[in-house]
Amino acid sequence: MSDVDGPRLREAMLRHLVRSAPGQPVSEMAQEVLSGRMTMSAAAGSLAYRDLFATAAAEAPQLLQTVSPAELAEAEQTLAVAATLLDPPVLPEPVRPRPAFEDEWDDSVTSPWDES
């Protein structure tokens, strides 16, 4: 899955949701995410789409009963990858090294305490 272009996959999945359910809340949510007005995390926490996610969560246990343990493990791995592609975590800005301290020491000057 490492050779998959994450942003293109994310966009393709969201566009599919827009086309497959016109006029439905899931289509509206996908359009909001595509436009950049909302992230997937924000959509899950919003009042407008909370019911959509709650319904999916309520139906999940019944669907999981029909799935074998091997299929479940594969699905969990796929979802973990999809989650990072759909809504990548915000990483902190990298710490840039400070420029080297330049002192005014002149090695050509000797100390009066140096023995010659």
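Predicted model: local features only at pLDDT ≥ 70, side-chain atom pairs only at ≥ 80, totals over all residues.

Residues are numbered from 1 along each chain as its sequence is written, and side-chain values use heavy atoms, with hydrogens and water left out.

Now zoom out to the whole protein. It has five helices and zero strands, in the order α-α-α-α-α along the sequence. Of its 116 residues, 12% are buried (under 20% relative accessible area; exposed is over 50%, partly exposed in between, with a 1.4 Å probe and protein chains only).

Go back to α2 and select Ser27, Met29, Ala30 and Val33, the buried residues of this helix. They lie on the same side of α2, because they cover an arc of only 160° around the axis, taken from the directions from the helix axis to the C-beta atoms.

Ser27 is buried, at 8% relative accessible area. Apart from neighbours within four places in sequence, Ser27 has contacts (heavy atoms within 4.5 Å) with Leu17, Val18, Ala21 and Pro22. Next, take Met29: with such neighbours again left aside, Met29 touches Met40, Ala43, Tyr49, Leu52 and Phe53.

Which residues make up the largest nonpolar core? Select Leu14, Met29, Ala30, Val33, Met38, Met40, Ala43 and Tyr49, eight residues in all. Such a core is a set of buried Ala, Val, Leu, Ile, Met, Phe, Trp, Tyr and Cys residues joined through side-chain atoms within 4.5 Å. Helices α2 (25-35) and α3 (40-45) each supply at least two residues of this core, and α2 gives the most, with three.

Last, look for the two salt bridges (a side-chain nitrogen of Lys or Arg within 4 Å of a carboxyl oxygen of Asp or Glu). One joins Glu11 to Arg15, with the closest N and O atoms 2.8 Å apart. These two are four residues apart in helix α1 (residues 6-20), so about one helical turn separates them. Glu11 is partly exposed at 36% relative accessibility, and Arg15 is partly exposed at 40%. Then select Arg37 and Glu32, whose side chains form a salt bridge at 3.1 Å, N to O. Arg37 is exposed, with a relative accessible area of 57%.
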